[in-house]
Amino acid sequence: MSASAIFILDLKGKVLISRNYMGNMDMNKVDHFMPIMMRMEEDADSSPLVTHGSAHFLWIKHRNLYLVAMTKKNANAALVYSFLYKMVEVFKEYFKELEEESIRDNFVTVYELMDEVMDFGFPQTTDSKILQEYITQQGHKLDVGAPRPPATVTNAVSWRSEGIKYRKNEVFMDVIESVNLLVSATGSVLRSEIVGSIKLKVVLSGMPELRLGLNDKVLFEITGREKSKTVELEDVKFHQCVRLSRFENDRTISFIPPDGESELMSYRLNTTVSRTHTHTRVHTSPLLHVNLLSSVCQVKPLIWIESVIEKFSHSRVEIKVKARSQFKSRSTANNVAIMVPVPSDVDSPKFKTSTGSCKYLPEKSAVQWNIKSFPGGKEYMMRAHFGLPSVESTELEGRRPITVNFEIPYFTVSGIQVRYLKIIEKSGYEALPWVRYITQSGDYQLRTN
Amino acid sequence: MEWANQLCENRQFGSKMTDSKYFTTTKKGEIFELKAELNSDKKEKKKEAVKKVIASMTVGKDVSALFPDVVNCMQTDNLELKKLVYLYLMNYAKSQPDMAIMAVNTFVKDCEDANPLIRALAVRTMGCIRVDKITEYLCEPLRKCLKDEDPYVRKTAAVCVAKLHDINAQLVEDQGFLDTLKDLISDSNPMVVANAVAALSEIAESHPNSNLLDLNPQSINKLLTALNECTEWGQIFILDCLANYTPRDDRESQSICERVTPRLSHANSAVVLSAVKVLMKFMEMLPKDLDYYSTLLKKLAPPLVTLLSAEPELQYVALRNINLIVQKRPEILKHEMKVFFVKYNDPIYVKLEKLDIMIRLASQANIAQVLAELKEYATEVDVDFVRKAVRAIGRCAIKVEQSAERCVSTLLDLIQTKVNYVVQEAIVVIKDIFRKYPNKYESVIATLCENLDSLDEPEARAAMIWIVGEYAERIDNADELLESFLEGFHDESTQVQLQLLTAIVKLFLKKPTETQELVQQVLSLATQDSDNPDLRDRGYIYWRLLSTDPVAAKEVVLAEKPLISEETDLIEPTLLEELICHIGTLASVYHKPPSAFVEGSRGVMHKRLPARTGSGESTESPDVGTAAGGSAPEAAPSIIPSQGDLLGDLLNLDMAPPTTSGPPPPTTGMQMGGMDLLGGGLDSLVGISHSVDPYLGGDIGGSPAMGAGFGAAPAVMPASLNAPVGGGLGDLFDLGGVGMPMGAYIPPKIVWLPAMKAKGLEISGTFARRAGVIQMELILTNKAMSVMTDFAIQFNRNSFGLAPAGPLQVLTPLGPNQTIEVSLPLSTVGPVMKMDPLNNLQVAVKNNIDVFYFSCQYPISMLFVEDGKMERQVFLATWKDIPNDNESQFQIKDCHLNSDAASSKLQGSNIFTIAKRTVEGQDMLYMSIKLSNGIWVLAELRVQAGNPNYTISLKCRAPEVSQCVFQCYEAVLKN
């Protein structure tokens with residue numbers, strides 16, 4: 001069904017640890033993996049799926065490790081990759097960081113975990129919080145304190161154990177929006193998208209029932225409150241704990257939360273301006289008029305960059321960059337870092353900025369312009385000057401984009417709001433939800449000429 | 001081991017707290033030491049020793065010698081130690097089967113431990129020890145564990161059944177474990193249900209006929225309920241299992257879809273993809289005019305787009321699947337072009353896939369943006385990506401006519417960059433643009449010619465030569481240009497040689513006076529100095545043509561070429577359907593059916609999409625007589641295949657871009673060479689013997705050397721299309737009219753009307769189709785005493801409107817005991833009435849004595865018309881367009897012909913083979929038949945070497961004829 005065996009390899013392809021789940025393949029086949037990878041690398045090729053004879057290797061790389069699943073069947077590839085990433089997550093929860101050392105230092109636990117998270121190629125329990133309840137790093141005497149499988153493992157609520165107790169019950173919510181932007185060299189926005197995420201830190205006793213209310217457009221339409229400011233989420237993804245059928249029926253987000261930190265949901269909004277959004281919502285009720293142009297939020301790119309990069313062969317490169325913040329002046333972007341690509345063979349950098357400071361990063365072949373605090377509605381300039389060697393390097397360089405990093409606290413681009421978080425537990429305690437909003441740069445690229 | 005040693009050095013000064021210290025004992029005599037430690041009385045020491053053993057095992061050291069000592073540690077009350085010993089057992093039991101028995105008792109005991117964790121651990125491990133002797137002992141514990149009160153144990157035991165089945169299937173069946181497993185589908189615990197489903201699916205996969213999963217509305221309902229409560233993985237097991245179910249009607253289909261759609265909001269991409277699979281499959285059954293259908297279409301787009309924000313490997317899987325989905329249902333993502341724009345930091349495999357999808361989504365509405373992007377990509381530095389981008393521009397030109405001009409000028413700009421590989425790619429695609437839009441862009445030829453010298457890749461050289469040959473009359477110095485290539489003729493690749501040969505012949509035909517010497521030179525190079533049979537053969541053909549009939553040569557070589565059309569490398573519809581059923585799996589990533597890469601899956605049924613059912617579509621139900629001819633051609637886009645594409649138009653393959661959409665593009669030098677024969681000259685040669693006959697082209701290309709090229713063709717398609725055994729020139733001559741085509745099948749004459757029933761007149765006869773004329777061949781015998789005269793014949797209305805085309809020609813009176821043979825030509829324009837059986841014909845014969853009636857059945861093959869050879873593209877589109885429930889499958893038993901013999905035999909009866917592909921020794925012949933009333937019948941005949949039983953699938957808009965058509969196949973093949 002999925003993996004016959006899973007290997008963790010070092011960068012040279014040596015097996016650090018492995019687990020043979022199905023016993024239907026020769027474990028030595030993995031020796032072919034690295035040579036194939038090297039050959040592909042020589043051809044400047046790369047694929048997350050490599051084949052040797054009847055063996056298929058699905059791999060991911062994490063730090064200095066390869067996690068490789070081997071199969072000879074028509075495995076569910078999506079499941080395998082998603083499982084490998086989950087394994088990384090579990091190991092990270094256990095060992096803080098997953099790398100060669102941590103595997104060696106904890107090989108007994110690694111074996112135990114590998115035994116528990118997958119059986120005969122079928123992924124089993126992969127929730128690290130639950131695993132930690134019965135796979136611990138201390139040896140156990142069977143008669144005394146040997147753990148039993150927590151009922152949670154097999155329960156419908158497989159992510160939260162019973163009997164959790166806190167003195168003070170609280171929930172912290174972070175609404176984090178990442179802005180992905182792709183701008184062409186001619187300055188038109190090709191793609192602009194918000195990927196939002198609601199993260200929870202749950203400090204609640206017992207088995208609380210939570211209900212989250214957002215200013216979700218579809219929900220407001222159902223309930224007939226169309227006048228309020230709403231957000232139309234294009235696609236929403238939920239944590240295992242959210243009752244998906246319920247959401248599908250009446251847009252209610254109801255769940256029993258996992259304890260501690262978790263990502264409750266993520267959502268996506270396309271904010272590319274040029275897109276004429278004419279999808280017709282057919283309402284069954286004649287009272288509701290058909291809504292032709294829905295309120296796609298047409299967001300200007302939060303930080304707009306104009307750049308001129310002039311290259312005078314054999315002598316110099318001159319760079320002019322103008323950065324403009326296009327959000328309301330009551331918000332401020334923090335830790336703005338604008339990375340401007342330069343040829344790899346430049347020397348003698350000179351900078352001039354109207355604010356902030358510049359750094360030449362030779363290892364990245366880029367100039368980094370840092371602006372600690374960038375209020376809305378402002379415009380700053382930066383100029384850079386580099387020398388070029390008289391002998392031109394023969395290597396062709398790609399035209400790398402300018403990238404921007406920033407974060408804007410207390411602000412969401414989409415305008416999403418948490419209207420309420422209802423917490424109900426049978427013991428009837430009072431619990432307080434805390435909400436924090438932040439917007440940050442995601443994949444924010446502006447192509448250069 | 002190295003790292004263990006290193007580590008030990010590094011670690012000696014550092015912390016001793018971590019497990020890495022166990023790796024420090026790799027010194028001489030350690031086995032001995034370990035043995036002592038394992039047998040120590042001190043528990044702590046024992047445990048440490050086992051850890052050291054496991055550490056050694058981990059670094060690949062053979063510690064099997066310690067087997068008995070480690071097994072002795074098994075009976076421990078320390079859980080961690082127990083797990084380690086179990087781990088050791090799993091690794092070494094196979095090499096020490098006799099000693100493994102020692103462990104059995106402990107296993108059995110542990111299966112009854114008070115702690116469910118231990119019970120599960122024992123049953124889980126036991127299943128992993130693949131030693132027959134142990135397996136026997138596993139049965140009883142397993143039986144108990146399957147009924148254990150703790151769900152953790154039950155869910156582990158469920159998987160164990162699959163393990164045991166893998167080792168000893170018979171045992172599992174005998175012990176009745178399968179039934180217990182089926183019962184677990186109704187377990188109260190969702191995880192147990194999920195694992196039971198997973199185990200059953202796994203077992204069912206290796207035993208496709210076992211009907212294990214026995215899915216019915218009740219069990220489906222249970223699964224759907226469990227779906228809401230399982231872990232994410234369990235949800236995937238269940239969704240994948242659901243995807244194997246075929247709902248009874250559209251209503252059931254819709255209700256399942258409704259319950260599956262919420263899964264599209266799951267955070268796990270694999271859950272989303274499995275849900276997409278179920279929806280894509282069941283959607284097939286929904287009537288398109290249903291509101292729900294369009295709602296569902298809309299719901300699919302956002303989650304597919306979101307998958308592109310996943311980790312790169314998952315993005316890749318998603319993109320490969322989206323590639324399938326946009327081919328199956330282009331409407332889902334048609335507005336989402338921009339999400340496939342390439343980002344600078346995308347991995348190369350993601351970039352290439354995005355590019356592919358961009359071209360598929362390109363349309364007049366978005367072409368400007370697409371082109372701007374492609375131009376951007378074409379100036380990147382990554383060679384593969386740039387090449388693909390340049391080709392993509394050419395594909396856009398061909399696909400969106402309005403954009404052709406802009407594409408051409410973009411390509412010219414790119415040629416100006418003088419970047420070598422960009423120029424070469426551009427020239428290759430410009431050649432296709434010339435073919436698509438003749439007499440429009442030839443003005444750019446001059447620019448192309450400037451770059452002649454920089455071309456060093458065979459494909460680009462061949463393309464350029466083709467252009468020079470094709471437009472020789474417009475290029476003043478065409479002879480010089482071609483001559484310059486001729487100097488190094490023998491160093492060129494076959495592809496270039498062939499192209500050069502054709503180009504020079506073209507040139508000669510256009511400017512005979514100046515180029516005689518040149519053409520002689522190339523003909524002699526090709527025929528006398530070359531070892532390449534294809535080159536020689538082509539050379540000889542030209543030579544003979546030129547020397548015997550220059551006018552014919554002109555008609556052949558300079559014939560008008562068929563236009564090439566827009567869509568490239570679409571996946572063949574049956575394969576596409578199969579792949580849609582495998583969304584999310586390796587098959588969907590490779591774009592190959594599982595049977596192509598999974599060992600031992602040959603007998604496994606190919607998955608198909610369910611057929612549309614229900615009331616909504618009833619108007620579409622086929623009707624004999626009216627559904628004639630099919631409106632398919634305009635319905636589906638026509639296709640330029642990539643090499644190896646099943647139903648490709650072979651004619652333009654010589655130059656078609658090798659658009660490899662398979663993950664690792666295996667380009668072989670051979671394949672282009674092989675295809676090239678079909679190009680330039682010969683395609684037009686073919687053009688006169690048959691209007692357009694791609695099949696012939698394929699045959700020419702199919703000589704042995706070519707076969708290899710085909711075989712190694714891209715991974716995209718398992719098919720090597722029609723590499724025929726007969727091969728080579730034989731077929732060429734055959735179609736050219738030299739060989740004798742085999743005649744149509746004519747059944748032996750039988751008595752239709754016995755003398756007893758007709759006052760002494762006996763009529764026997766048969767039907768035949770001779771030279772396109774249907775004939776009823778009759779033998780009339782007078783067994784009466786008196787002379788018979790005044791014969792006449794009449795038909796009742798019948799299914800295909802058969803009627804005598806003239807009077808029954810019995811001119812002289814028929815005396816007693818006299819016999820006369822008569823042929824009655826038939827027409828098909830008579831009145832139509834559906835008969836049962838379809839091919840039943842009621843006949844009235846009159847003479848001076850009386851009128852007699854009889855009925856007879858004609859072989860439907862006599863209605864197969866000569867122009868029943870469908871074009872590949874049309875075939876493909878039609879096959880796709882005919883609903884699946886119109887398909888019927890038959891077996892033809894005891895037929896000992898090979899596929900080629902069968903094919904030519906069938907051709908005699910106007911059953912035309914359009915393409916052939918071979919998958920794992922199984923030949924699949926794709927055939928078309930056209931009935932006299934315009935009904936098309938498409939067939940797929942599977943012939944397995946050494947197996948006398950053929951399988952035939954027939955698809956027709958009027959499925960009623962299938963049975964009759966099948967009978968004809970049988971009759972033709974067996975006679």
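Let's start in chain A, with helix α4, residues 107-117, which is mostly covered: 11 of its 11 residues are buried. By buried I mean under 20% relative accessible area, with exposed over 50% and partly exposed in between, using a 1.4 Å probe and protein chains only. Helices here are DSSP runs of H or I with at least four residues, strands are E runs of at least two, and both are numbered from the N terminus. The buried set in α4(A) includes A:Phe107, A:Tyr111 and A:Met114, but also A:Glu112, A:Asp115 and A:Glu116.

Quick housekeeping: this is a predicted model, so local features need pLDDT of at least 70 and side-chain atom pairs count only at pLDDT 80 or more, while totals for chains, interfaces and linings use all residues. Residues are numbered from 1 along each chain as its sequence is written, chains are lettered from A and ligands numbered from 1 in the order written, and side-chain values use heavy atoms, leaving out hydrogens and water.

Now, the cores. A nonpolar core is a set of buried Ala, Val, Leu, Ile, Met, Phe, Trp, Tyr and Cys residues joined through side-chain atoms within 4.5 Å. The largest one has 287 residues, and those with the most contacts inside it are A:Ile6, B:Tyr88, B:Leu333, B:Phe340 and B:Phe434. What gives the most to this core? That's helix α2 of chain A, residues 77-95, with 13 residues. Apart from that core lies another, of 70 residues, including A:Trp159 and A:Trp304.

Back to B:Phe434: leaving out residues up to four places away in sequence, B:Phe434 touches B:Tyr441, B:Leu448 and B:Trp466, among others. Contact there means heavy atoms within 4.5 Å.

Chain B as a whole has 41 helices and 15 strands, and buried residues make up 63% of its 975 residues. Of its contacts between residues at least 6 apart in sequence, 69% join residues at least 24 apart.

One helix to zoom in on is α30 of chain B, residues 550-557, where the buried residues are B:Ala553, B:Val556 and B:Val557. Down the axis of α30(B), those fall within an arc of 80°, so they line one face of the helix. That arc is taken from the directions from the helix axis to the C-beta atoms.

Last, some strands. In chain A, β10 (residues 209-214) runs antiparallel to β22 (residues 418-424), joined by six bridges, with A:Arg211 opposite A:Lys422. Strands pair if DSSP finds at least two bridges between them.
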